[in-house]
Amino acid sequence: MWLRTSIKRLPLQPLLTTITPIRTLTALSTHQEREQEQDPYSLMKEDPIQVCSSLWVRSFSNQTHAPFSNLTGFLSKFDLWVLAYQRSCAHFTGSFPPRNAIHSQVLRDLLSLQNAVVRGRFSWNHKIHSYIRSPNEKPLTEFTSKRKIQSILESNAPCFQDRVVQEVLLLILEPIFEARFSSKSHAFRPGRNAHTVIRTIRSNFAGYLWFLRGDVSEIFETVDTDVVMGYLEKYVKDKKVLGLIKLALGARVRNQAHGGDCDVTFGKKKKKKGPKKKKILNENEPKPDPFWLRSFFSFAPEEAAKVPSYGHCGILSPLLANVCLSELDYMMEEKIIKFFRPSKLDSIWRDSINDGSHNPAWPEFVPSSDREKTRKMDYIRYGGHFLIGIRGPREEAVQIRKEITEFCESKYWLKLDNSKVEIEHISRGILFLDHIICRRVIHPTLRYTGTGGKIVSEKGVGTLLSVTASLQQCIRQFRRLGFVKGDRDPEPLPCTPMLYSSQAHTNSQMNKFLETMADWYRYADNRKKIVGFCAYVIRSSLAKLYAARYRLKSRAKVYNIASRDLSRPLRESSNNSAPEYSDLLRMGLVDAIEGVQFSHMSSIPSCDYAPFPRNWIPDHEQVLREYIKLDNPKFFCDLLRSIKQEGLSLPQDEISDIVWDYKTLGVWSKRSDGEKELKNDSGKEMMTL
């Protein structure tokens, strides 16, 4: 009795603090038992590609652009999570694991991650208590030091399970917004790249005099969470998906600049670090990018160098940036329609906004911008940089710049000065994606039949739109990588990163680099000149490298031994006892040496002048629209009606007639006349016999 009364008089707070953890532990244990009882193999029922394809078709067939209210059902599909895990493994390890090769324990961990996301128990950047680990990550031991835990928490490495969740969200959200994005944006989208921008400029921007080159890439670095969520909520109404993205946007990411400065000593003196050991990669650890790929990525133009990164959104950040900037695209599309004022006196764009030349070879005669000429404007955007072409007076370009700055300040809270939105004339050249957009004045001979049937020849004046690669920008990129020094007359430097590689490996790396460079400048008018310069720099850099490696003192001696394309083997002068290269190559002890490509101008391909359609769409969008059209019964009704009106016959009708005749009249009715006569003659002969 005394014990019962004493327990009643005890304060409740200490008791609650001791009882609550026990309850939570029991709840977690029962929850984990339920998850372990669920078999992940029984949930793998559908093809994830089919699930994604149905979502793409549903998004593109939604003409009213109604918002998607229930996306949690896609989060509950375990097949999508398996596909997201495969894609994440391909990113971390460099190999795409087959579906049937995933271990059962990994599938259970993936199922627990899915349940945590669906039930609201998932938190971003949780590195210690993770549901699933990377294939390269070693499991933590039972006893982990405080320093090890601190280093894990302070590391800037992305969390693997965050990547899996981001992949799932990307698989769900990308088709929804791809159906709603403007065709004027080309960055961070499937089927569109920098080449489509250059080809669109070449085909659609002929005849413009003033250009606005804008930079709104500040939105990639800092953006308000409410702004992004406001644009997302226009087309997505699912609270679970929106909550996940809002938590990822609001999470603070540790700054890498200050991450290396803070040292955790735990009361001990800081020890001096010894010599750095050479790192040996694990078997399943991905190898770093090869030298040619790193060099080519360093040639990325300014418009493609910045990639958005919002909180813990990761690969979702480019999609969210396009969602925000799509409002600018919609605004510019409306302005293009309002700005258009056709003129019958103009040589192009007389009637509609789509009139004019689709081919850059079309000259615009009398290239002035008087009031008698057509007023027209076009717009294109790549990432955070956009380009606007205006045919009209400069005052209208100034007015459009003012409207754009006001729009960005009201919608994105982004203040743009005149240096961020520059107005340039076509005669000075506009640099965009490391290509210079300019015009060339031509004087073609016009021949026409005059009065009396006499052929008259006159000299006309016209302009051609020219898109050339910037040689100065190419030299600047080479100088930043350490391939050349100097500006006006650049001098090649030895390629020191490939000092300890063999001649065959070095030549193959540089050949891949030159191939990618030639492909990048495919649509430049001066493709031969710019690729020839790149080949000269690379070949001279390798010659200097081989002269230092094999102690040949000059490039001339290297060219004398290895030929102009550096395809012959080079050996050290002191190593006279080594066997011949042909014997080593026959035994398979050395690799064949490839010659450095483009050593002659004749081997460099010419510019690709293939015309680009004005209303071009990527192949996957075209296939989707055709599939949706064929799946619509109204399309077949209209097709049948048009066939009947024109008096045509369908192949199905002819086949049905043939089948009906076979059933009613037999095979005899469909035989040819020659077969029938032959049959009759044979019958008569049998009768005479």
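Modeller: Keep in mind that this is a predicted model. To start with the surface, the chain exposes about 40,500 Å², and carbon and sulfur atoms supply 54% of that area.

Biologist: Nice. Which residues make the nonpolar surface patch of about 270 Å²?

Modeller: That patch is formed by Leu 630, Phe 636 and Leu 639.

Biologist: Where is Leu 630 found?

Modeller: Leu 630 belongs to helix 22, which covers residues 619-631.

Biologist: And why is Leu 630 called partly exposed?

Modeller: Because its relative accessible area is 49%, and partly exposed covers the range between under 20% for buried and over 50% for exposed.

Biologist: Got it. Zooming out, how many helices and strands are in the chain?

Modeller: The chain has 25 helices and eleven strands.

Biologist: What share of the residues counts as buried?

Modeller: Of the 689 residues, 40% are buried.

Biologist: What about contacts between residues at least 6 apart in sequence: how many of those join residues at least 24 apart?

Modeller: For the chain, that figure is 73%.

Biologist: Changing topic, where does Ser 554 sit?

Modeller: Ser 554 lies in the loop that links helix 19 (527-549) with helix 20 (555-562). Its relative accessibility is 26%, so Ser 554 is partly exposed too.

Biologist: How far is Ser 554 from Lys 544, in sequence and in space?

Modeller: Ten residues separate them in sequence, and their C-alpha atoms are 7.0 Å apart.

Biologist: Thanks, that helps!

Key. Residues are numbered from 1 along each chain as its sequence is written. This is a predicted model: local features need pLDDT of at least 70, side-chain atom pairs count only at pLDDT 80 or more; totals for chains, interfaces and linings use all residues. Side-chain values use heavy atoms; hydrogens and water are left out. Helices (H or I, at least four residues) and strands (E, at least two) are DSSP runs, numbered from the N terminus. Buried means under 20% relative accessible area, exposed over 50%, partly exposed in between (1.4 Å probe, protein chains only). Contact means heavy atoms within 4.5 Å. Accessible areas come from the Shrake-Rupley method with a 1.4 Å probe; for residues, only the protein chains shown count as cover. Patches are made of residues with over 30% relative accessible area and no salt bridge: like charges are joined within 9 Å, nonpolar side chains (Val, Leu, Ile, Met, Phe, Trp, Tyr) within 5 Å. A salt bridge is a side-chain nitrogen of Lys or Arg within 4 Å of a carboxyl oxygen of Asp or Glu.
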